[in-house]
Amino acid sequence: STGAKSIVVYGDSISQQGYWTNAFAERIYEAYPGRYSVINKSIMGTRLLRDFSTRFFCKGLFGKSGLNRLQRDILNYPDVEYVIIALGTNDFLQPATLQAPEEEKCSAEDFVGGMLSLTEELKKHGIKPIVFNILNFGESIDSSPEKEALVTETNKLLYENRKHFHAFYDQANLVVNPEKPTCSKKEYLGKDYVHPNKSGGKIVADNVSLEWFK
């Protein structure tokens, strides 16, 4: 609507599939009629730190990194007030699979450094960054204890740096399997045990604080 501010969702296939993003948009439109439009600029397979791996047979399908598509997917839109950054799964899950070689793996420090430079850039443009942590993917066929430990460490570091963000959202804890802390509950996951199913998406959307958008 005229004069509406934008909330951009900046994620990967977990956000692109729409289960949490559509439910979240409905809540926003109901709570703040005419005030916001929600723009989903999520790309399947995308990573925060690296462009798509040139080794992957689908090449450009996974798109540029979160750090490299800022201008195109956020700054080119007028009136963006908030960006929800929901990236990281592919930075840790892809290396050592068909999609990316092992040497493309990143450390928790590198990832959080990238997140801080992304959020600082947004703040320079007067945009408020909301950072989601990374859902646990321990049930996935592409998972490994090393990858799971990196996600745990990264989520801890993101939490410790939360003062740099407008808001920090602990979605991982919301759906974690308490008996297997590096896994999400299967009841919230689709068949690949990485992407949330409809009820997983709904619980994530329902627990985003609408206060952040006041």
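User: Hi! What order do the strands take in the open sheet?

Analyst: Hello! This is a predicted model, and its open sheet has five strands in the order β2-β1-β3-β4-β5, with parallel pairing.

User: Nice. Which strands stand at the edges?

Analyst: Those are β2 (36-40) and β5 (167-169). Each has a single partner strand, so one side of each is left without a neighbour in the sheet.

User: And by how many degrees are neighbouring strands turned against each other?

Analyst: On average by 20 degrees, with direction ignored.

User: What packs on the sheet, then?

Analyst: Helix α2, residues 19-31, does. It touches β1, β2, β3 and β4 (128-132), and its direction makes about 170 degrees with that of β2.

User: Let's look at β3. How many bridges join it to β1?

Analyst: Six bridges link β1 (residues 5-11) with β3 (residues 80-86), and the two run parallel. As examples, valine 9 has isoleucine 84 as its bridge partner in β3, while glycine 11 is partnered with alanine 86.

User: How many bridges are there from β3 to β4?

Analyst: Four, and that pair runs parallel too.

User: Are the residues of β3 buried or exposed?

Analyst: Buried: seven of the seven are, so β3 is largely enclosed by the rest of the structure.

User: Switching topic: how much space lies in the second largest pocket?

Analyst: About 210 Å³.

User: Which residues line it?

Analyst: The lining is made up of Asn133, Asn136, Val151, Thr152, Asn155, Tyr159, Phe168, Asp170, Ala172, Asn173, Val176 and Pro181.

User: Which element gives the largest share of that lining?

Analyst: That would be α6, with four residues. Both α6 (145-160) and α7 (171-175) supply at least two residues each.

User: And how does the lining of this pocket split by class?

Analyst: There are six nonpolar residues, five polar ones and one charged residue in the lining of the second largest pocket.

User: Great, thanks!

Notes. Residues are numbered from 1 along each chain as its sequence is written. This is a predicted model: local features need pLDDT of at least 70, side-chain atom pairs count only at pLDDT 80 or more; totals for chains, interfaces and linings use all residues. Side-chain values use heavy atoms; hydrogens and water are left out. Two strands pair if DSSP finds at least two bridges between them. Axes are lines fitted to C-alpha atoms, for helices over the stretch in contact, and angles run from 0 to 180 degrees between N-to-C directions. Contact means heavy atoms within 4.5 Å. On a 1 Å grid over the protein atoms alone, a cavity is a set of points where a 1.4 Å probe fits but cannot get out, and a pocket is an open set with protein on both sides within 12 Å along at least five of seven lines; lining residues have an atom within 4 Å of a point. Grid points are joined across faces, edges and corners, and a volume is the space filled by probe spheres set on the points. Ala, Val, Leu, Ile, Met, Phe, Trp, Tyr, Cys and Pro count as nonpolar, Asp, Glu, Lys and Arg as charged, and the others, Gly among them, as polar. Buried means under 20% relative accessible area, exposed over 50%, partly exposed in between (1.4 Å probe, protein chains only).
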